[in-house]
Amino acid sequence: MSGNQSSSDLVRPTADGSRYELTSPTALPKAGAFLWNQRMMIQVTCRGYATAQFMQPEPAKYAHAPNLEARTFMQPEQNYYTHHPGRFVYIKDEETSELFSAPYEPVRGKLDRFVFSAGKSDVQWTVEKLGIRVELTLVVPTDDVAELWTVKVTNLTNKPRKISVYPYFPFGYMSWMNQSGEWREDLGGVIASSVTPYQKAEDYFKNKNLKDKSYFLCETKPTSWEAMQAAFEGESGLHAPSAIVERDELARGDARYETPAAAVQYRLSLGPSEAAKPLRFLFGPALDDAEIRQVRDRYLSADGFAKCSAEYSAYIAKGAGCLEIETPDKALDNFVNHWLPRQCYYHGDVNRLTTDPQTRNYLQDNMGMTYIAPSVARKAFLTALAQQEPTGAMPDGILLDEGAELKYINQIPHTDHCVWLPVTLEAYLSETADYALLEEKVTDFHGGVYTVFERISRAVDWLISSRDHRGLSYIAQGDWCDPMNMVGYKGKGVSGWLTLATGFSAKIWAELCEQLGKKELATRYRDGAKAVNDAANAHMWHGSWFARGITDSDVVFGIASDKEGRIWLNPQSWSILGGAASPDQIRAMLPAIDEQLSTPYGTVMFAPAYSGMREDVGRVTQKYPGSAENGSVYNHAAVFYIHALYGIGEKDRAYDVLRKMIPGPDKSDYIQRGQMPVYIPNYYRGAWREYPERAGRSSQLFNTGTVSWAYRCFIEGLCGLRGDAEGLTIRPQLPSHWNNMKVRRLFRGASFVIDIKRGDVDNVVVKHNDKVLPKAKFTSIRPGETYELSVTVPK
């Protein structure tokens, strides 16, 4: 962990590319990894802090903060503190009383060796100090809510050692009504019990079936234990707990309304170079003792752990995706081949672990499943359309569980949700050619029965009709940008982006109608798209770019005269996608974006960031400058720009923005962002000119609509492999500094192995079996076949 580490020493993939390793707990202190199943998710940092959530059916926790906390999950750039929930193991040399902890917290002692290893189906740490090696492994099941922890301890010296091993898993402040903790001999672990607080009598009946117990179960009975957090910590602090440094053995205490914790002790005698028997633990929530016994019987053994690990690996492997690339950028290859499809799979598999995902999120997250499990994407369209309003509008959220309600942001009226139906369906149809979906009949909550085609037509009709006298789209209390909540809350404000997005949606739908032979409808939607685009050009084009909107007070914003929020990325991107921007306008806006929005860490959402509240725009202006939607590198906005750039052949600009979404591969970039390249975060800090020392810092949040689009951009943009009704079109867009790449693409049940090189050609040339295809498209695809293609692109 010396100061002159290269990037390959600090952050590196394993030889087979399936894991990423970090070799310092201090260089990227918030770097972490996540595991999930359809009932839970856990994000752990390299230093041992953890944030976990499970569904019952609403999100809940089984390890809490040390104070009463609001019902939130992960926060951007989440701060970790001494008593933050975590999973820690203390090691004490009983002969010298020296102490350290693994992975790093809470002792924070300098380590001789540290490796944090993020895998696709587990998380591992290796820590060495005082001649002792500690190896930690975390796995989760495919169906149950539980953490499976393995602790291995090895004596690295050539002399006998006497040590104590203390796993410490705090439960936190569970309830102001009722909480306790105790060692349960009959269950073989520390059990914390609580009562979820409530006031209304009717809530008692709702809460009866909540999992208000948390357990820490031990396969091997410990020497001793402590169940009261304050007794364990004592006066010395968690970096040197009194229960460890002042006693030979833990006091076997309990918690009776005090804050509970699980601390257990194993006193070990190890011979030279001897490894102790692995210690296995379960951590999670339960309804009652019976459930705890079931979980223990199912998992808490060597065979149970091995079976769970194998099943979970198989579960994660289902999200392997449809693309493998081999390019001059090996770090990029690793991310695209291993980590990006995994993140797409997470989003579509669990819908961000909520019972009412925002409609735009639900549709875009499931767009990613188009490339991984198309049947899941198909079902999502039917689920969403069953909740369409009689007017054709879509609700702010999609209810996924019986009894679920629209909550929080979904109680605020947003006007963009219909946009995402044609936009995401376009990707689905391109990939699957499943035009039969359009004829599926869907019955909504109100009893209306329409086909998928009719319902999306009604959604596009709603978009086209929900405009003011100028032909501009109303914004209400937000569009794609949730916190832009005061532009139109009085009922008059309009969105420049939504106007352009409506044009794009109508354009897509017109093209589909044309393809289906519905000429009159095609003309109608084409005319609608033109009317919307004409309105945008008449009222939103100012100088060299499109404005972001017009407020309730008729003030245009997002224009050159604005000192803050001068130029916004989304209107420019969607004007290109929908055809509102002419070639001359594009030639004007691209340099403006380069000059004002481009940073070393990506393209910011807008600039300059707001420094204070602007009451006719809304709470987006109150967020800290350069964070979240206030002028950060908000990757979801940036990926729309990438998609638009590939659509007009701007391959170098597109690749530049796309590559900047991924941390590294330079050491300085890893350190500045503070994140390993195992997911794309929702943002990196912006305000690059104002606060350069903090620009690029990762939010560490992996919930983001970016990833489905990023995967699509790699597949359809960079690799140029896009489906249509006839087959697979092949138009790679290599950045100019690449001369070749290789691709393996799964498409409609067949495998394509494609070798792409530059050559003396004017257009893309595709060969199969040494024969040049008549055009850059492969048709007559048979499932189960493998097709080897040679592709030449212009120099």
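What is the order of the strands in the open sheet of 4 strands, and with what pairing?

Modeller: This is a predicted model, in which local features need pLDDT of at least 70 and side-chain atom pairs count only at pLDDT 80 or more, while totals for chains, interfaces and linings use all residues. Residues are numbered from 1 along each chain as its sequence is written, and side-chain values use heavy atoms, with hydrogens and water left out. The open sheet has the order β24-β25-β28-β29, and its pairing is antiparallel. Here strands (E, at least two residues) and helices (H or I, at least four) are DSSP runs numbered from the N terminus, and two strands pair if DSSP finds at least two bridges between them. At the edges stand β24 (473–474) and β29 (556–557); each has a single partner strand, so one side of each is left without a neighbour in the sheet. Strand β25 (residues 494–495) is joined by 2 bridges to the antiparallel strand β28 (residues 549–550). Ser495 has Gly549 in β28 as its bridge partner.

The axes of α12 (residues 496–515) and α13 (residues 519–539) come within 8 Å and cross at roughly 160°; axes are lines fitted to C-alpha atoms, for helices over the stretch in contact, with angles from 0 to 180 degrees between N-to-C directions. The two helices, α12 and α13, are therefore roughly antiparallel to each other, a term for angles over 145 degrees. Residues of α12, including Leu500, Ala506 and Trp509, meet residues of α13, among them Leu521, Tyr525 and Val532, where contact means heavy atoms within 4.5 Å.

Note on methods. Parallel < 35°, antiparallel > 145°, perpendicular 65-115°, else oblique.
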